[in-house]
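Please read this note with the structure open beside it. The points below cover ring pairs, the core, a cavity, charges over rings and backbone angles.

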Amino acid sequence: MVKYNLSEVRRLDALINFDSAEVKATIKILLQDKSTKQNIIWATDTYSNYGLYFEDTAQITDELVSGAYSRLIQPRVYKALEAQSNRTRKHAEVFTPSWICNLMNNYCDEEWFGCKDVFNRQDGESRVTNRDRIEFPEGKTWKDYVDSRRLEITCGEAPYLVSRYDTTTGDMIPTEDRIGILDRKLRVINENVTNDAEWIKWVYRAFQSVYGYEYQGDNVLIARINLLMTFVDYYTERYKKSPESQELKKIANIIAWNIWQMDGLKGTVPLGKPREEVQQLSWFGDIGNSISGDNGDTALFEQTVSADEGTECIIYDWRADRSIKYSYLKKGRK
């Protein structure tokens, strides 16, 4: 096992801490693969030297990320340079610094709002946060913004969705200066909601509106934990206490649906059979042939298919309250 000194341990745990109470309470949910009704798989040979349970096709279980293995999975910034190089070569894994994520998110918001620099102004590799209340254009409301659906493809640790830390430096970012898509939605909720019940309702809706897929299982898990801890950060900041167990489990279930493991070229669980490539995304139009989904801690649908049979990935349309095959979206049906 890799050994760290005390200062390194504290820095590692500040980013992704498998021993935290919040992660321990939700890890079984965060490991779920809703498409297979099993767990996500490693889908990388990075950990194969630890034995059969760590080979690329093996499922990741809570025992493999706890106890002596609780610091085995780490963000890319803390992986050995050789491991980073191998993953870049094999899976084109290159993480984007937060300032570039911010530029791209700013551009998306410029399109939505019809004006520039709504949340912040980028100045080279630094930025100046807009401290004023966010104003919305005529015909659009803060609720429309929260409900607008966004997808981060090949999301890695999900730096476009949430920005707890800079993925290239490991530096933590205060909540008021975060630039992720979900961070922006949570800021808008904070500015417009005072009632506790309404606040939690709209926070759930914000999480339901952001999606991401990733091939490698450790990245999927890190991304899911990043979203979970983002919820914890904003909840704790607002209420000066930790979320209740049921609140954590509900948000973890949303995250497990919305951040899923997929081979993006095939639309299937990694290492499954190739599927015929289809067309462009059309987010949640009038799509038929839905599959029964769930709102609880486990996925409920009729058949469990192993990854080697080319399992098609399913995702959840929370507004329609149903799960659908990802491939239906790529057919471009309106």
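1. Ring cluster. Two rings of Phe, Tyr or Trp count as a pair if their centres lie within 6.5 Å, with the six-membered ring used for Trp. The model is predicted. In this model, ring pairs join Trp42, Tyr47, Tyr50, Phe54 and Tyr69 into a cluster. The structure as a whole holds 24 aromatic pairs.

2. Tyr69 has 27%, so Tyr69 is partly exposed. The cut-off for buried is under 20%.

3. Tyr213 and Tyr326. Here the ring centres are 6.0 Å apart and the planes are at 70°, so the pair is edge-to-face. The class applies because the angle between planes is over 60 degrees. Tyr213 belongs to strand β6 (residues 210-214), and Tyr326 to helix α10 (residues 326-330). The pair links distant parts of the chain, 113 residues apart. Tyr213 is buried at 7% relative accessibility. Tyr326 is buried too, at 2%.

4. Nonpolar core. The largest nonpolar core has 79 residues. Which residues have the most contacts inside this core? They are Phe18, Trp42, Ile189, Phe207, Leu221 and Leu227. Helix α8 (residues 217-239) gives the most to the core, with 13 residues.

5. Cavity. How many cavities of 30 Å³ or more are there? The count is one. The largest cavity has a volume of about 40 Å³. The residues lining this cavity are Glu157, Pro159, Val162, Ser163, Arg164, Tyr165, Thr167 and Asn226. By class, the lining has three nonpolar, three polar and two charged residues. Glu157 and Arg164 are the charged ones, because Glu and Arg both fall in that class.

6. Charges over rings. Two cases can be checked by eye. The charged end of Lys185 sits over the ring of Tyr145, 5.6 Å from the ring centre. The charged end of Arg205 sits over the ring of Trp202, at 4.5 Å from the centre. The distance cut-off for such a case is within 6 Å.

7. Positive phi. Lys37 has a positive phi of about 60°. Lys37 lies in the loop between β1 (32-33) and β2. The relative accessible area of Lys37 is 44%, so Lys37 is partly exposed. Ala43 has a positive phi of about 55°. Ala43 is in the loop between β2 and α3. At 3% relative accessibility, Ala43 is buried.

Technical notes. Residues numbered from 1 in each chain as written. Predicted model: local features only at pLDDT ≥ 70, side-chain atom pairs only at ≥ 80, totals over all residues. Heavy atoms only, no water. Core = buried A, V, L, I, M, F, W, Y, C linked by side-chain atoms within 4.5 Å. Buried < 20%, exposed > 50% of the residue type's maximum accessible area, 1.4 Å probe, protein only. Helix = DSSP H or I, 4+ residues; strand = E, 2+ residues; numbered from the N terminus. 1 Å grid on protein atoms, 1.4 Å probe; cavity = no way out; pocket = protein on both sides within 12 Å on 5 of 7 lines; lining within 4 Å. Points joined across faces, edges and corners; volume = space filled by probe spheres on them. Phe/Tyr/Trp six-rings, centres within 6.5 Å; stacked < 30°, edge-to-face > 60°. Lys NZ or Arg CZ within 6 Å of the ring centre and 35° of its normal.
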